[in-house]
Amino acid sequence: MNALLPLTIIFLLAAPATTKAPVGPWDKFNFAPSSRSFVPKTVYTTVGEVTGAENLLGNTSSTEGATINGNGSYLVLDFEQEVGGRLSFQIDSTTSSGISLSFTESAMFISPMDSDDSCSVSPAHDLDGVLYVSPFLASNGTFTQTVGDQRGGFRFLTIVSNNKAPVTISNLTLNATFMPQLDDLSAYTGYFYAQDNGFHDLDFLTKLWYGGAYTVQMNTIDSHEARQQPCPVPSGWANNATGGPVAGTILVDGAKRDRNVWPGDMGISTHTELVSTFDLESSKNSLLVMFSTQDPATGALQYSGPPINAVGSDTYICWSLIGTHSVYLYTGDLDFVEQVWANYTYALAFLQSQVDETGLMNVPTSFANDWGRANGQGRNVAANALLYETLITAAELAVALGNTSLAEAYATNAPSVKTAFNVLLWDEAAGLFKDNDVSTLHPQDGNSLAVLFNLTNNASQIQAVSQGLTQFWTDIGPLSPELTDTIIPFVGGFELQTHFIAGQGERALDLLHREWGYMLYTNLSVQSTMLEGFTANGSLGYRAAAHHAHGWSTGPTFSLIFYLLGLTVTSPQGATWSVAPVLSGLTAAEGGFETGLGWFGVNWTLTDDNATFTLIIDTPGGTDGIVTLPSAGDVSVDGEGTTANGTQLSLDGGSHVIVLDLVV
């Protein structure tokens, strides 16, 4: 058996060679630049005596700068999307400059006196303040933010004069610090494209896919550029903390806040990584961070990595273990699994020690923390759904490592959890699972995870849960019963998958239109990356201070690939795969992603009269897969008629064209 990982590890993972996704009309929706630089697009406003502000924009041909004259005068520049990194500009002044800078994601928080919060989640506090530029820079000097002073996420930049004398600034650029391993930030290995006639913007789904991809890209940071916790006193921020004992990049929760490894968030963002950039090295490093936090006395992993170092979450321990399987599935890296296996099995033993006489895990209050929901203790439905998935995936990993006895033990324990789960938690009258065995609440998270992880016993249960969850919907998304006045896209991403799994594609798109449609088009947001959460009235008050580039809100990016296109890998790297499109009311969709074996792509079209469905599949040679067609009918494969087994076909890897004449 492998020795436990030491609590201090240094591990540098080399990125695999990747190929850029095909070029097409979808590229114009990619928010990432082809370089590592951003420039402002428009002047949002000027106050006081300001001239030449437009000279700071990226489309200007002027070599002049912007002059701010008078104490308190300022200008606000709009990058027109979420950006992050280190700002640089030239100062032309013969006197002390006296400049300060403030940053904000939403226009509603623009202020010459304060930046929006990255250090506080209390509406009564504003601790970030402004960044003061040294007044001793000589004329024609260049100001560049330090690594610590970099702003991880913002859209609006306010430049303020704090001196009576005029000051001119020019050559303003922002150097992106996220995903430092890429020179071309737009070089995605995956893509998606579809037009949505059921929404006010025909390109909504494509924009949403790229917004999610860009969000997770911004959440990929150098391991030594995490947010200091606690933040500087009395104000300010510092993004030069160590995010764990690894070298290279880590996948964190948010670009601005927390810039910290939270494994629950990776239950969404790692899948987004696969289909967009194939940067699974960052997920590996983040998991290594979590395994390094293991309590040697109990086996428990922390709730988060450093510098926050939160403790006490059974669900997030599960997510660390499930994430290990996800990384193995997508990369085939068995060496990584073997490296963490002793820690992995010790953590799983800690979880299984909490299973009581009922067959369910009885979560102690000290380990009841989760994504922010209330009442995670007891025989909690979400925690036990996660335990079941942990056991199922643990058995698969044990088989891969050749440990058959342990695999059999995990595989034996999992059905016991599922049986107890249905006996104690299923509410037949409501058609939903209860939050725990003594509750009458029917949560969004536990019900969605029950379907996603196959804890339902039959198709009618799946349909009941899909229908039942709609009772919590508002015009801008579901109100989560387990956290008052909260619309939480993290859990919404699990619900989205529930509707697709139920075959309710149009319902899934309805949810996308409501929740992510609001996020992407409201004037309160950055209209490019995904909000952490919001309240029933659409305000940004999720837990007092919503962040605008949160990877846990990117469930649509991989769901559009996994379900709408229907393309998934079913064994490491896609040696076996599945294609099972859920049509969802659209007439066409295409996209794909890459693994170490090569390119996986799907393109399907449906004629206007719904009579003919054409499916083009491109997968690596040497692989094989199962194709599940959306309906029965006459089928031809590569121009030759065939007899499908119901609606299923078995195919070898390569390029195939399948034509289905639908039974109407």
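Which residue takes a positive phi in the hairpin of strand 19 and strand 20? I looked it up in this predicted model. The residue is asparagine 610, with phi near 60°. The hairpin has five residues between its strands.

**Entry 1: around strand 20**

I stayed with strand 20, residues 612-628. Strand 19 covers residues 598-606 and runs antiparallel to strand 20, with six bridges between them. I found valine 602 opposite isoleucine 617 of strand 20. Next I checked strand 23, residues 648-662, which pairs with strand 20 in the antiparallel sense over 13 bridges. There the bridge partner of isoleucine 617 is histidine 656. I then turned to strand 17, residues 576-579, which pairs with strand 20 in the parallel sense over four bridges. Tryptophan 577 has glycine 625 in strand 20 as its bridge partner.

**Entry 2: aromatic pairs**

I searched the whole structure for aromatic pairs and got 32. I opened the pair of phenylalanine 89 and phenylalanine 143. Their ring centres are 5.2 Å apart and their planes stand at 40°, so this pair is tilted. The pair links distant parts of the chain, 54 residues apart. Phenylalanine 89 belongs to strand 3 (residues 66-92), and phenylalanine 143 to strand 6 (residues 141-144). Are they buried or exposed? Phenylalanine 89 is buried at 1% relative accessible area. Phenylalanine 143 also counts as buried, because its 11% falls under the 20% cut-off.

I went on to tryptophan 426 and phenylalanine 433. Their ring centres are 4.8 Å apart with planes at 65°, so I logged the pair as edge-to-face. Both residues are buried.

I also noted a charge over a ring. The charged end of arginine 151 sits over the ring of tryptophan 237, 4.3 Å from its centre.

**Entry 3: cavities**

I counted three cavities of 30 Å³ or more.

I listed its lining as Thr315, Trp319, Asp370, Trp371, Leu386, Asp445, Leu449, Phe490 and Phe494. Helix 4 (314-331), helix 8 (444-452) and helix 10 (489-501) each give two or more residues to this lining. Six of the lining residues are nonpolar, one is polar and two are charged.

One cross-check remained. Ring pairs link Trp319, Phe453, Phe490, Phe494 and Trp552 into a cluster.

Methods: Residues numbered from 1 in each chain as written. Predicted model: local features only at pLDDT ≥ 70, side-chain atom pairs only at ≥ 80, totals over all residues. Heavy atoms only, no water. 1 Å grid on protein atoms, 1.4 Å probe; cavity = no way out; pocket = protein on both sides within 12 Å on 5 of 7 lines; lining within 4 Å. Points joined across faces, edges and corners; volume = space filled by probe spheres on them. Nonpolar A, V, L, I, M, F, W, Y, C, P; charged D, E, K, R; others polar. Pairing = 2+ DSSP bridges. Phe/Tyr/Trp six-rings, centres within 6.5 Å; stacked < 30°, edge-to-face > 60°. Buried < 20%, exposed > 50% of the residue type's maximum accessible area, 1.4 Å probe, protein only. Lys NZ or Arg CZ within 6 Å of the ring centre and 35° of its normal.
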